[in-house]
Amino acid sequence: MKDITIAILGSGVMGTAVATAILKTLDPKIIACGTNEARLRESFQDYPQVEISAGIEQNKDAIKKADVIILGCKPFMYQQIYNEISSSLNGSQLLISLLAGTTIKELSIFTPYVAKVMTNTPAKFGCGTAAISYSSETTQDKKDLVEKLISTIGLVVNIPEKNMDAATALIGSGPAFVLLMMESLIDGGVRMGLPFDIAKQSAAKVMEGTAKMVLETGEHPAVLKSKVCTPAGTTIGGLLKMEDGNIRSSIARGVEEAANISASFAKK
Ligand SMILES: NC(=O)c1ccc[n+]([C@@H]2O[C@H](COP(=O)([O-])OP(=O)(O)OC[C@H]3O[C@@H](n4cnc5c(N)ncnc54)[C@H](OP(=O)(O)O)[C@@H]3O)[C@@H](O)[C@H]2O)c1
């Protein structure tokens with residue numbers, strides 16, 4: 001991988017998370033681009049091999065050297081950033097976009113070879129999920145390179161672009177939804193007398209362990225759930241109380257709402 005140069009154009013939360021995952025496994029040359037040199041240096045302080053680039057002129061030089069551009073800016077910024085660096089694009093570079101909402105067609109101003117990736121913050125810990133769609137021009141060797149780079153963050157799934165708003169809601173916003181559920185478990189434990197730290201660690205481990213059970217058995221969650229329910233026991237009692245509060249449709253409708261908001265971004 002040493003012969004590949006990657007420019008992270010917008011090295012904020014997501015750009016840094018993806019760059020960190022790549023650096024933990026592979027050894028491409030990485031140039032972290034942004035506007036604030038101090039912040040960039042702080043983000044990559046554990047990775048002295050990463051070149052820092054701040055400001056339009058330096059970023060233009062970085063893009064000239066890049067085989068792959070990972071776009072990690074906020075969606076509304078992409079056009080302005082394109083205007084800043086467009087003279088350095090050579091038409092054969094591969095663009096990996098982390099932007100929510102922005103379509104492959106919109107991103108094709110950078111290059112015909114576009115991979116639109118929706119991922120999430122657990123990427124930083126190698127435990128992320130990434131959904132990928134490609135522009136029709138993207139060749140198999142470029143797709144293989146995207147797969148190699150992005151699989152460093154965790155699970156990769158390929159989906160058609162029409163499903164990207166759903167992926168944005170489930171994968172991108174998903175950690176916030178799960179954290180809300182985790183907070184509720186912690187609150188319940190604390191309410192019934194557990195010290196906060198023990199409730200927090202236990203809730204996180206229960207969620208990790210349960211996720212592992214689903215991933216490793218491949219069973220439907222409902223099947224695993226029914227195995228935990230002893231007749232007349234504690235679990236079925238707790239579950240029915242939660243269902244009284246419409247927990248299932250509240251969560252599913254929350255995903256629906258996030259997907260609709262993502263779709264509305266693309267229309268603007
Ligand atoms: N955060 C999430 O959980 C999440 C999940 C899924 C998808 N996403 C997507 O990831 C993208 C980034 O989100 P984020 O939360 O990582 O945002 P962020 O932390 O604000 O990062 C954006 C970065 O863009 C850089 N930037 C601003 N102007 C620039 C310019 N002219 N040239 C180069 N870089 C510039 C900024 O760098 P400086 O600080 O140096 O100015 C900033 O670090 C978004 O499009 C979002 O849709 C985020």
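Start with helix H7, residues 164–172. H7 is mostly covered, with seven of its nine residues buried. Select the buried ones: Met 164, Asp 165, Ala 167, Thr 168, Ala 169, Ile 171 and Gly 172. Keep Gly 172 highlighted, for it is one of the residues closest to the ligand. Remember as you go that this is a predicted model.

**Zoom out**

Show the whole protein chain. It holds twelve helices and eight strands. The C-alpha trace spans about 70 × 35 × 30 Å along its principal axes. Of the 268 residues in the chain, 32% are buried. Now consider contacts between residues at least 6 apart in sequence: 63% of them join residues at least 24 apart.

**Residues 161–262**

Select residues 161–262. UniProt lists this stretch, in an unreviewed entry, as "domain: Pyrroline-5-carboxylate reductase dimerisation". Colour it by secondary structure. The chain here is 82% helix and 0% strand.

Go to strand E2, residues 29–34. Is E2 mostly covered or mostly open? It is mostly covered, as five of its six residues are buried.

E1 and E2 pair in the parallel sense over five bridges.

Trace E2, H2 and E3 in turn, and you have a right-handed β-α-β unit.

**Inside H1: Val 18**

Select Val 18, in helix H1. Why does Val 18 count as buried? Because it has 27 C-beta neighbours inside 10 Å, and 20 or more is the cut-off for buried. Leave aside its neighbours within four places in sequence. Val 18 is then in contact with Ile 70, Leu 98, Thr 119, Ala 123 and Ile 153. Now pick Lys 124 as well. Val 18 and Lys 124 are 106 residues apart along the chain, yet their C-alpha atoms are separated by 6.4 Å.

**The ligand and its shell**

Show the ligand. How many residues surround it? There are 28, and the closest are Gly 10, Gly 12, Gly 34, Ala 100 and Gly 172. Colour the shell by residue type. You will find twelve nonpolar residues, 13 polar and three charged.

Helix H1 (13–25), strand E2 (29–34), helix H2 (37–43) and helix H4 (78–85) each give at least two residues. H1 gives the most, with three.

**The loop between E1 and H1**

Select Gly 10, in the loop between E1 and H1. Gly 10 is buried, because 25 other C-beta atoms lie within 10 Å. Set aside residues up to four places away in sequence, and Gly 10 touches Gly 15, Gly 34, Leu 71, Gly 72 and Cys 73. Of these, Gly 34 is itself among the residues closest to the ligand.

Move along to Gly 12, in the loop between E1 and H1. Is Gly 12 buried or partly exposed? Gly 12 is partly exposed, because it has 17 C-beta neighbours inside 10 Å.

UniProt, in an unreviewed entry, gives the annotation "binding site" to Leu 9, Gly 10, Ser 11, Gly 12, Val 13, Met 14 and Thr 35.

**Last stop: Asn 59**

Where does UniProt place another "binding site" feature? It is at Asn 59, again in an unreviewed entry. Select Asn 59 in helix H3, residues 56–65. Asn 59 counts as buried because it has 22 C-beta neighbours inside 10 Å. Not counting residues up to four places away in sequence, Asn 59 touches Leu 9, Cys 33, Ser 53, Glu 84 and Ile 85. Leave Leu 9 selected to finish: the UniProt "binding site" annotation covers Leu 9 too.

Note on methods
Residues are numbered from 1 along each chain as its sequence is written. This is a predicted model: local features need pLDDT of at least 70, side-chain atom pairs count only at pLDDT 80 or more; totals for chains, interfaces and linings use all residues. A residue is near a molecule or strand if its C-beta atom, placed from the backbone, lies within 6 Å of it. Helices (H or I, at least four residues) and strands (E, at least two) are DSSP runs, numbered from the N terminus. Ala, Val, Leu, Ile, Met, Phe, Trp, Tyr, Cys and Pro count as nonpolar, Asp, Glu, Lys and Arg as charged, and the others, Gly among them, as polar. UniProt positions are given in the numbering used here, feature names are shortened, and annotations may be inferred rather than shown by experiment. A residue is buried if 20 or more other C-beta atoms lie within 10 Å of its own, exposed if 12 or fewer, and partly exposed in between; C-beta atoms are placed from the backbone. Two residues are in contact if their C-beta atoms, placed from the backbone, lie within 7 Å. Two strands pair if DSSP finds at least two bridges between them. A crossover is right-handed if, with the strands pointing away from the viewer, the path from the first strand over the helix to the second runs clockwise.
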